[in-house]
Amino acid sequence: MKKIGVLTLLITLLLTGCTSKESTTAKTVAERYHVGLMLSDMGLGDLSISDLAFDGLVRATEDFDIVFRYLDPQEVKDYEQGIEQLVKQKNDVIFVIGYMPQEALEKVAKKYPKQQFVIVDTVSDSPNISSITFDEEQGSYLAGALAATITQSNVIGFIGGEDVDVIHNFERGYIEGAKKVKPTIDVLTQYANTYTDEAKGTAIAKEMITSKADVLFAAAGMTGTGVLREAARAKAYAIGVDSDQYFLAEKAVVTSMMKNIDVAVYEYIRKDIEAPRSQMGQHITMGIQDNGVGLAPIRVIDPIAPVEQAIEKIKRAM
Amino acid sequence: MSIQKKLMIHALLIIAIFSIMLSFIVYHLKSVQQSNANTVPELMVIQEAQLQVNNMQQQLENYAVLINVPQDEAVVTQMTSTMETTVKKLDKTIGQIEQIPFTGEAKNTVQMLVKRYQLIKEETFAIIPTKDVTATKRLAVRTGGISNDIEHISLYQQDDYYKMLEGLNKRIQNVIWYTIIGTLFIVILAITLTYLATRKITKPLATIANHAVHIADGDLRIEKMTYTNNDELKQLNDAFHSMGESLQQLIQRIQQTGVGVEQHTAQIVKDNTHVKEMSNAITLASSELEQGTHEIKSSVQNTVNLAERMNATFDDTVAMATHNVQRGKDMMQAIEDSQRHIEAQRETMQASMTTSEKMESAFNELKQQTVEIEEMAQSVSAISDQTQLLALNASIEAARAGDSGKGFAVVAEEVGKLAADSTTATTTIFDLVQAIQQQFAIFTTAIEQNQQVNQEQHNATEQAVKAFTFIQHKITSMMQDISQMATDMQHTKMQSEQTVANMEEMSSIIEENAANTTHISQATDEQLEALTQVAKQIIHLQQLTNELMSGVNRFKLK
């Protein structure tokens, strides 16, 4: 009887030993949440929206069991082919950054109606394309408030790219923010009518600085780069846009109005993992409360702390 | 082969099977280790690549910072060479990653990685000399991009690794299952073998035990168990069986002995009864003998009395004979006187002669009768002898009283008969004596007649002288005869006395005999008592025998 007991115990131990398979914490690639990322324009290394989207995905990779693939526009024949390639790789969600691939995306989205797509920084009507935009006005408001805070001439400038609604939103927020801090402030506004003409940006900036503007805010793409560099040359302050553009003109760029695409991408993925496809086809606007927009770290000026405190105060008041 | 050896062989067999199973397990674990050894370096290569890419990214970022401000050229050169080293290392590592046999999407990713790396590498060598900060920064970001690719590949590789691990796990699981099954098999085998071995031992033992129970119950009709193996059990079986056989023989012997005892006791009881009967008969015979002895004794006494009386008669006769001789002498005197008157009385003598003749015949008769007496005396003597012999026989028979009592009866009868004969003889003697007396009376009468005739024929002398001479002779002769007779009588008397003495002796012997008979009777009583005791003992013996038999009969024999 005793022997049988020992035997049973032994067998039980062996059985439990082989059935209690050590649960692998790491999921297999197939089990993971897959994200595809179609970059646009310059692709990775643009030090702007592409890199932000990439950063968001890297952060998401750190926090969730996800796998992401990215494609640079240079690596594919065209956007359509790139996006389709990502579809075929069976991604749970495919992010497309910027307005440039929108047309191609909508074509592919129609072809793969069950595939979830997210387009960032522009709006699509396709039912399987979620749109994430940023409240430029709120971000610009902060930029205006900062400009008003640091101006000494009481004159600040705004340079827009195309004369379109989106840029109008920037302009409106910027003026409101500035007036909130200094109601008497003079805000110069000019549209370059191009996103890609750096020289034009330089020219407009030169003109505005001449008109005593000492803080310039450009929402004009590559045109804005000219503005920032001119401000640096003329020893004026400048505020970047979309991403932290400090590296473009390190002597001038006090801050940048950030579209936190990384946050947006991260949050979308987080929510989609929590409740799959719950956001599909929706238009999500990321505001200050979502940390979707904000200012890049303040630099260049001295002292920084009082300005930071002031901006924080304004932000809380919004 | 002994049981221990058999068990040892069983154990060795089990150990051998167990060793085979262990070898199987070890072989599988070895192969698991082997595949692990193949996969781990691949993972390490990928990790190495990851590290190197991260290094490169960091170095590019540092370089971007470095070239942003005016720097000592040496530092820049050093930085450049460091990056070149990193690139060289990466070349090697990426090459190794290319060697890993990936499939499907993972393969695509590797291809993408290689492509991007080649591009970055080219750009790096192009951009570094230009010291373009922005371009360097962009390059750093793109380097971070291939870091993601490597991460991706790493995940695939991990997948493979986990798949392999799973495979190994399954394999190990299988091994464990095989081990369990093997163990169970071995356990079952061991149990079966042990069971069989034990059964091989216990079954015969159970049979033997069963036989033992049978024997305990008294059933000895057990068959010898067939056990062919030459081991301890065989010895036990043989020993047990021979024990049973011996027991059976013993029981049979006891039964036989019991039956014998029963028969013997029955016989003894029978004999005892017979002996008792005999003893009773002896007792009876003894008493009869005693009685007979008494009778004999009284007969003998009578005989003695008769003999004494006869003796007295003899004495009388002798006395009478003496008297007669005296008378003869007187008669001779008278004859001599008569001779002188013979002449004268010759004529009367003639007459007297006739008378004398008569007398002569009478005397002859007397003579004859005397002979008969003599014979009778002899007869008495013979009787006495026979009686003596008989007495002797009786004493011998008395000694043999234990064997048979009948002899005594015969002896008693003989003695009785002889006593009767004796009596008859004595009566004859008595009669004869009476006859003699009668004859003598006749003789006396004849004598008186003769005297008368002599008186009457006194004259017839001549004849008388002759007659007297004749008578003289005759008387002389007669006197001689009488003397002879007296002597004989004397002799007879002596013999008679001897007879009496013998009779008395016999009587005393008979008395002794009677006393012996009493002794015999007493001894017989004692013997009877002893026999009763023997009977009791026999009954006890019978009881014991019965108990023994009933005890033994418990055993059922073949």
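In the predicted model, the side chains of A:R270 and A:E274 meet in a salt bridge at 3.0 Å, N to O (a side-chain nitrogen of Lys or Arg within 4 Å of a carboxyl oxygen of Asp or Glu). The two residues are four apart in helix 9 (residues 261–274) of chain A, so about one helical turn separates them. A:R270 is partly exposed, with a relative accessible area of 25%, and A:E274 is exposed at 58% (buried, under 20%; exposed, over 50%; partly exposed, in between; 1.4 Å probe, protein chains only). Salt bridges that share partners also join A:E75, B:R116 and B:D149 into one network.

Over all chains, the count comes to 19 salt bridges. Among them, A:K111 pairs with A:E84, the closest N and O atoms being 2.5 Å apart. A:K111 lies in helix 4 (residues 102–111) and A:E84 in helix 3 (residues 79–88) of chain A, so the pair ties together parts 27 residues apart in sequence. A:K111 is exposed, at 52%, whereas A:E84 counts as buried, at 12%.

Between the chains, 28 residues of chain B are in contact with 32 residues of chain A (heavy atoms within 4.5 Å). Three salt bridges are found across this interface. The side chains of A:E250 and B:K137 form a salt bridge at 3.7 Å, N to O.

Residues are numbered from 1 along each chain as its sequence is written, and chains are lettered from A and ligands numbered from 1 in the order in which they are written. Local features need pLDDT of at least 70, side-chain atom pairs count only at pLDDT 80 or more, and totals for chains, interfaces and linings use all residues, while side-chain values use heavy atoms, with hydrogens and water left out.
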